[in-house]
Amino acid sequence: MTTIGYFVGSWAEGSVNRKLARTLVEQAPEDVEMRDLDISGLPLYGRHLDEDFPQVMQDFKDRVEAVDGLLIVTPEHNQSFPAAVKNAVDILTRPGGTSVLRGRPVTIAGASPGRFGTISSQSQLRQFLPMLGVRFMGTPNLAVGGAKDVFDDDGVADEQTAARARKFVAAFADFIRA
Ligand SMILES: Cc1cc2nc3c(=O)[nH]c(=O)nc-3n(C[C@H](O)[C@H](O)[C@H](O)COP(=O)(O)O)c2cc1C
């Protein structure tokens with residue numbers, strides 16, 4: 001069994017990224033376990049916390065360490081990724097020398113109602129994540145545009161998006177095992 005941990009960079013009601021994450025869970029191969037790592041309860045990181053690292057942050061690091069690969073499903077906010085995503089990544093690398101990202105397979109996905117489907121957000125994540133020593137899967141990519149039309153009211157994706165999600169999560173599982 002391969003385990004993929006994921007977190008969603010939005011906790012808005014009706015989040016299209018939550019719907020995309022749900023689609024990825026539904027489309028995961030049978031030998032892949034998907035685990036929600038949930039960042040919504042994480043406090044804001046500050047350097048002074050390294051001295052007495054908060055248990056909630058350590059628990060999050062432990063949950064990431066327990067999975068084989070990490071998937072970040074995130075919206076685009078103001079042409080970039082939300083601060084909550086960066087906060088979560090910063091926590092995973094602290095205190096210095098204890099990063100749980102080094103060598104870890106990581107990839108990203110996202111959805112937005114606009115035409116471009118989070119490509120600015122994703123291009124910025126692609127800039128810095130590889131610098132953290134992760135093993136980054138850059139292709140295939142999953143940037144879902146027009147998201148309001150892609151998911152129905154219950155959050156179920158259309159056929160084409162479900163098929164893209166299926167290919168994407170299978171490719172990430174292969175990437176992790178390679
Ligand atoms: C603060 C803020 C900034 C946004 N900036 C962008 C943007 O730069 N590009 C874009 O495509 N959508 C942008 N949006 C629209 C989001 O893509 C849209 O709200 C989307 O539903 C957010 O994902 P979620 O539903 O998973 O929360 C922005 C939304 C917010 C709240």
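Let's start at Arg177, which counts as partly exposed at 42% relative accessibility (buried is under 20% relative accessible area, exposed over 50%, partly exposed in between, with a 1.4 Å probe and protein chains only). This is a predicted model, in which local features need pLDDT of at least 70 and side-chain atom pairs pLDDT 80 or more, while totals for chains, interfaces and linings use all residues. Residues are numbered from 1 along each chain as its sequence is written, and side-chain values use heavy atoms, leaving out hydrogens and water.

The side chain of Arg177 meets that of Asp31 in a salt bridge, at 3.2 Å from N to O (a side-chain nitrogen of Lys or Arg within 4 Å of a carboxyl oxygen of Asp or Glu). The pair links distant parts of the chain, 146 residues apart: Asp31 is in the loop between H1 and S2, Arg177 in helix H6 (helices, H or I with at least four residues, and strands, E with at least two, are DSSP runs numbered from the N terminus). Asp31, Asp174 and Arg177 are linked in a network of salt bridges.

Next, look at Asp50, which forms a salt bridge with Arg94, the closest N and O atoms being 2.4 Å apart. Asp50 is buried at 16%, whereas Arg94 is partly exposed at 28%.

Now turn to strand S3 (residues 69-73). Five of its five residues are buried, so the strand is largely enclosed by the rest of the structure. S3 runs parallel to S1, joined by five bridges (strands pair if DSSP finds at least two bridges between them). S3 also pairs with S4 in the parallel sense, over four bridges.
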